[in-house]
Amino acid sequence: MAIASALFRCGFPYIKTLGMRRVTTGTVDVAPGENGLVYVLGRSVFLFGIRILNWDDEDLGYIGREGTNDGQFQWPVKLIVDKNQNFIILDEALNRITTMSSDGSFISKWGEYGCDEGQLNRPAGMALDKDDNLVIVDGFNHRVQKFTKEGKFLASWGQYGSEEGQFNTPWGIGIRDDGDIFISDWKNNRVQHFTEDGEFVKQIGLSGNDKARLNRPAGVAIDEDGDVYVADRSNHRVAIFDAQGRYVQELLGDSQLMGMAKQYVRTNPVVLRLREMTQLDEQKRFRYPTSVTLSQGMLWVGDTGSHRVQIYQKNAERLEDHELESPRNSPKMIIN
């Protein structure tokens, strides 16, 4: 993976919103698929599993239900669509990984509660590495574990604490194209960067609520430029850091009424009146965003508290060192 020397950042425009309350209720993750399909993982009284949408924001049904049997879920937290378009779902409460086909047929499951190697205790994050193995954030065991997709244990690293390489209830995971691993350290309010073998590289973010600080970070994603995207859950935003860990900018939410949400409000006189009377600024903002997903050249944000998906697209150009002056000690730029 070749990371650009610098980026000419031109913006990060909002594209659209998918989903709404009662359809994508409790959105915790989103996984774009083929042919314009979008899979939204939810957990609520209305949805325990995967809601299927398309780019036009149409509801195409759902897969899964609440329970403990095959193909059922109690507290799903992460969804991966693999290269065969099968679903891999991580269930935090059941401590298991379920694989299902795109038509909802059950394929397999594995996972066992415990603290020994290969066992799980409230796993919260999951990603496929470059060898197609599953790397799982084992939350209450304060560690990271690696398995084959079939559930064979391969490796484990990490322990409870606040020092480098230690965790306090880690949540999300993002894996860079070169294999490096980024873990959101939930109660330590930071993201930790490791090699693919678990060697500590650097820390990103500090605890707090100003722009460069994090407050209960959840999902993590890394793009081809090395930029790190963090669902900064309790700060109600997505925080963006560059490949060196420097804070760059934040996304606060720009949602507009589209598709099914627009239709619902337009045909419901009570909701229509309430919307006509309210201030709309807060309606577009993120509320407890939980996941960030990079796919098809766009950033897909699981806007959990508002039960929807907000979609953005990066606008930046790669630069070489010779195109810029040397770095300045106190950069400040004003453009009219």
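This briefing describes the overall build of a protein model, its aromatic ring pairs and a few individual residues.

The model is predicted, so that local features are reported at a pLDDT of at least 70 and side-chain atom pairs at pLDDT 80 or more, while totals for chains, interfaces and linings use all residues. Residues are numbered from 1 along each chain as its sequence is written, and side-chain values rest on heavy atoms, with hydrogens and water left out. The protein holds two helices and 30 strands, where helices (H or I, at least four residues) and strands (E, at least two) are DSSP runs numbered from the N terminus.

**Overall build**

- The radius of gyration, taken over C-alpha atoms, is 20 Å, close to the 20 Å that the globule rule (2.2 Å times the number of residues to the power 0.38) gives for 336 residues, so the protein is as compact as a globular protein of that length.
- The C-alpha trace spans about 55 × 55 × 35 Å along the principal axes of the protein.
- Of the 336 residues, 54% are buried, where buried means under 20% relative accessible area, exposed over 50%, and partly exposed in between (1.4 Å probe, protein chains only).
- The accessible surface, from the Shrake-Rupley method with a 1.4 Å probe, comes to about 16,300 Å², and 45% of this surface belongs to carbon and sulfur atoms.
- Among contacts (heavy atoms within 4.5 Å) between residues at least 6 apart in sequence, 48% join residues at least 24 apart.
- The protein has 39 positive and 47 negative charges, with mean positions 8 Å apart; Lys and Arg count as positive and Asp and Glu as negative, without His and the chain ends, and each charge is placed at NZ of Lys, CZ of Arg, CG of Asp or CD of Glu.

**Aromatic pairs**

- There are 13 aromatic pairs, counted where rings of Phe, Tyr and Trp (its six-membered ring) have centres within 6.5 Å, with planes under 30 degrees apart called stacked, over 60 edge-to-face and the rest tilted.
- The rings of tyrosine 39 and phenylalanine 87 are edge-to-face, because their centres are 4.7 Å apart and their planes lie at 70 degrees.
- Tyrosine 39 belongs to strand S4 (residues 37-43) and phenylalanine 87 to strand S10 (residues 87-91), so this pair ties together parts that are 48 residues apart in sequence.
- Tyrosine 39 is buried at a relative accessible area of 5%, and phenylalanine 87 is buried at 0%.
- Tryptophan 55 and tryptophan 300 also form an edge-to-face pair, with ring centres 5.8 Å apart and planes at 70 degrees.
- Tryptophan 55 lies in the loop between strand S5 (48-54) and strand S6 (59-63), and tryptophan 300 in strand S28 (residues 298-303), so the pair ties together parts that are 245 residues apart in sequence.
- Tryptophan 55 is partly exposed at 31% relative accessibility, whereas tryptophan 300 is buried at 0%.
- Trp157, Phe167, Phe194 and Phe200 are linked into a cluster by ring pairs.

**Individual residues**

- Isoleucine 3, in the segment before strand S1 (6-11), is partly exposed with a relative accessible area of 31%.
- The C-alpha atoms of isoleucine 3 and aspartate 225 are separated by 5.2 Å, although the two residues are 222 residues apart along the chain.
- Beyond its neighbours within four places in sequence, isoleucine 3 is in contact with Arg176, Asp225, Gly226 and Ala243.
- Aspartate 57, in the loop between S5 and S6, has a positive phi near 65 degrees in a residue other than glycine, and is buried at 6% relative accessible area.
- Arginine 216, in the loop between strand S22 (213-214) and strand S23 (217-222), is not a glycine but has a positive phi of about 60 degrees, and arginine 216 is partly exposed at 26% relative accessibility.
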